[in-house]
Amino acid sequence: MNRVIKLRKGLDIRIQGVAEKNPVSASPSETYALKPIDFQGLTPKLSVRPDDVVKAGSPLFFDKYRPDILFTSPVSGRVKTVLRGERRRILEVVVEADGKQDFLEFKKGDPLQMKRAEIIENLLKSGVWPFIRQRPFDFVANPADTPKAVFISLFDTSPLAPDYSVILKRKEKTFQTGINVLKQLTDGKVHLGIHPEKSDGSFVNTLKNIEIHAFSGPHPAGNVGVHIHHIDPVNKGELVWVVNPQDVLIIGRLFEEGRLDARRVVALAGSEVKKTGYFETMLGASVEPLVKDNVKEGALRYISGNVLTGKKIDPAGYIGFYDSLISVIPEGNYFELFGWVLPGFNKFSFSRTFFSWLRPRKTYRLDTNLHGGHRPFVLTGEYEKVMPMDILVMQLFKAILTDDIDMMENLGLYEVVEEDIALCEFIDPSKTEMQKILRDGIDALVKELG
Amino acid sequence: MKALRKFVDKIKPHFEKGGKFEAFHSTFEAFETFLFVPDKVTTSGSHIRDPLDMKRTMIVVVVSLIPALLFGMWNIGYQHFLALGEQVSLWQAFWFGFVKMLPIIVVSYGVGLGIEFLFAQLRGHEVNEGFLVTGFLIPLIVPVDIPLWMLALAVAFAVIIGKEVFGGTGMNIFNPALTARAFLFFAYPAWMSGDQVWVAGLKHGLQTVDGFSGATPLAEAAAGKIDQLPSVWHMVLGTIPGSIGETSVLAILLGAFILIYTGIGSWKIMLSAFSGGLLMGLILNLFAVNPYMEIPAWEQLFLGGFAFGMVFMATDPVTSSQTETGKWIYGFLVGIMAILIRVLNPAYPEGVMLAILLMNVFAPLIDHYVVEANIKRRLKRTKVSIQ
């Protein structure tokens, strides 16, 4: 780490309710669920039926087109329900824990001594593989591919994001094992993006087999996509793989213990939470024990993930596969008389069109109101102010909207996924559904590539 | 507020599909959202959104135009009584201008919004806010004595031919307000130029005191009467004849400050346009063969509609360059063309309007090359990584 890559473009959203940095205990969840909708482009096929008995590590479903990729139960117990949505699409596979936590045993050992094929097999069988995702497109990685590099971002700049230096404390050894696994999967390097101040230096300095890069600046400086763009960008035909820091731990524990040990620390945050904090829980756990009697009155939105990219869940819903954060914010279903002409002292905005610019440090209780109706693109140059990549956002979106595949490729659709343009969507005065449109564009491109 | 909301909720069903006034659905929606920011919540993507929407954006532009409007109203009265040789108070002058100005604004908004509502209903989408600005700009760039029927015709032309045929706000190629002005300029030149139109009443045979000329400084300059130019101070302050909103550079700069500070107007276009104008002025100074070309370059920036055009019209985000690099080039060329046309083409003393419309046409081309450059950078990266 010689130099810090300073990013200037972006925006830190000043939202209330950052999680306090103290561990909080809650009664363990009784049910756990895996949600196929957490995986982009996945067509799931069930391996179990309701009432089947499963162990921690038993497959619940698999990828129809890549049947090696298994999605396994984080706990031992009994399959309770398979929740289906429209057109019988599988939404959730729910397992009722028996409290004993019987594990299926997998191979353990030093990954640096193991062969690549052996490692991949171990990851696939245990259901740990889906923690590895590919860029472009954010799909679960294909075990037949060899990526040119692997990227991990050790800090999260998104609103209310958990602090990984809290979560990863004293877990250097397992993290290192995880890195060693990833090192074996690529011909290139394993890159770790850190923040010069926020990341725990003593933690980072112990790590080996890894390239360290420091990034500073407002959100999305912590996005792994931004790191890739500045270190080793993805061009057409190239692949990199990405893993979240907590999931590196799960990979590490697989090789240290020979088990799918899917424990995970989750931050509970948001203006509507009474007692915020960090909870040790398990992959796929229900949020019910965390939020019950711990939220304020009123219509609330529960989000697995952050408020920019997370998924809406029920108050008794489940933590998403890749998420380390539960956000609870107020719904915004109210009318506001002359809201668009009032001075707006209490409205957080990226622009200075509201007088909230008078108080640059105030934090806000932000709700889900759309604040206006959908319009065509009118303002220009706004998206670029929050996009720290050399990408012409509006032109890319016009290419997607006009179904111009060549232009989508040329303008950088290989380099962005939803989280990278989420800020553009936040600030957009035309209220365009940018994350949805981007995914439509990716789908069209993938279809074209065959 | 609750009573109002209740009332709106009560009459709302009549305007929905199948209701009595279904044909006015868009109109109703426009008025409802004018009163209330809707209760719609996010359903996909980001769960929270910036409170800035199109209405707020447009209202900020309108606010930035208010100094120019207020000054313009006062100046209408001031010029009128100056011509008469009468001394009046600030309020009398302002009131005279206000009375003159009100019908112009009413006609501009009435005709424009009427057409917008009609198109929104036909197309089945919400009424776009773009005309809030256009309808405010048009009264500021016409002479005070413009007959209202002419104005109505020009507004209708601008909205239909200038905007709606392309698909509405956000899709148009030409700045709609300038389209209206260009229409008037070419269809009714007698009402848009000369010495008679800029001061209220002159066209109708107002008896003026001796030695009063209603000509704009620009016209004086074009006629070679450089010695008759008002002092720079008058041009900055704006106590000169001209289109209603264009005279006061001070009021315009105040508007520019609002636009730049809020981030709604592009400072890049404004800065590069003024630089372009200055450079062209200097070049003309260098090769000066007549008194007009000898006017100091910086004074050119205060003359006529240059400042108004560069701050409020060239920066229209829809019709200007849409890329950041493109904005520098676009603005610079607008500035150059405005001074070039103004000084070297005696038929068109007001070069600003034509320069902006011309560059509106070229903006997509500029963007094309900026986009190509971005693509080339990306392709070059691929080649480097293969080696």
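The legends below describe close-up views of a predicted model.

**View 1. The overall build of chain B.** Chain B contains 17 helices and 1 strand. Its radius of gyration is 23 Å, close to the 21 Å that the globule rule gives for 387 residues, so chain B is as compact as a globular protein of that length. Along the principal axes, the C-alpha atoms of chain B fill a box of roughly 70 × 65 × 35 Å. Of the 387 residues in chain B, 52% are buried. Among the contacts in chain B with a separation of 6 or more, 70% come from residues 24 or more positions apart.

**View 2. The two domains of chain B.** The domain assignment divides chain B into domain 1 (22–37 + 53–265) and domain 2 (266–387). The C-alpha centres of these two domains of chain B are 23 Å apart. Their contact takes 35 residues from domain 1 of chain B and 29 residues from domain 2 of chain B. On the domain 1 side, the elements that give two or more residues are α3, α7 (176–187), α9 (217–222), α10 (232–237) and α11 of chain B. That side of domain 1 of chain B divides into 23 nonpolar, 10 polar and 2 charged residues.

**View 3. The contact of chain B with chain A.** Chain B brings 50 residues to this contact, and chain A brings 61 residues. On the side of chain B, two or more residues each come from α2 (25–35), β1 (36–37), α3 (54–84), α11 (249–262) and α17 (351–386). Of the elements of chain B, α17(B) gives the most, with 8 residues. By class, the side of chain B that touches chain A has 19 nonpolar, 18 polar and 13 charged residues.

**View 4. Two packed helices in chain A.** Two packed helices are described by the angle between their axes and the distance between the axes. Here helix α10 (residues 418–427) and helix α11 (residues 434–449) of chain A pack at about 145°, and their axes are 8 Å apart. The crossing of α10(A) and α11(A) is right-handed. From α10(A), the contact uses A:Glu418, A:Ile421, A:Ala422, A:Cys424 and A:Glu425, while α11(A) supplies A:Met434, A:Gln435, A:Leu438 and A:Arg439. The contact of α10(A) with α11(A) has 5 nonpolar, 1 polar and 3 charged residues.

**View 5. Two cis peptide bonds in chain A.** Most residues other than glycine have a negative phi, and most peptide bonds are trans. The bond from A:Arg135 to A:Pro136 is cis, with omega near 5°. A:Pro136 sits in the loop between β10 (133–135) and β11 (149–153) of chain A. Another cis peptide bond joins A:His219 and A:Pro220, with omega about 10°. A:Pro220 is in the loop between β13 (211–216) and α5 (224–231) of chain A.

**View 6. Two residues with positive phi in chain A.** A:Phe137 is not glycine, yet its phi is positive, near 85°. This residue, A:Phe137, is in the loop between β10 and β11 of chain A. A:Phe137 has 20 other C-beta atoms within 10 Å, so A:Phe137 is buried. A:Asp403 is not a glycine either, and its phi is positive, about 60°. The loop that holds A:Asp403 runs between α8 (393–401) and α9 (405–410) of chain A. A:Asp403 counts as exposed because it has 12 C-beta neighbours inside 10 Å.

Methods
Residues numbered from 1 in each chain as written. Chains lettered and ligands numbered in written order. Predicted model: local features only at pLDDT ≥ 70, side-chain atom pairs only at ≥ 80, totals over all residues. Axes fitted to C-alpha atoms, helices over the stretch in contact; angles between N-to-C directions. Helix = DSSP H or I, 4+ residues; strand = E, 2+ residues; numbered from the N terminus. Left-handed = near helix turned anticlockwise from the far one by under 90°. Contact = placed C-beta atoms within 7 Å. Nonpolar A, V, L, I, M, F, W, Y, C, P; charged D, E, K, R; others polar. Rg over C-alpha atoms; globule rule 2.2 N^0.38 Å. Domains from an automatic or database assignment.
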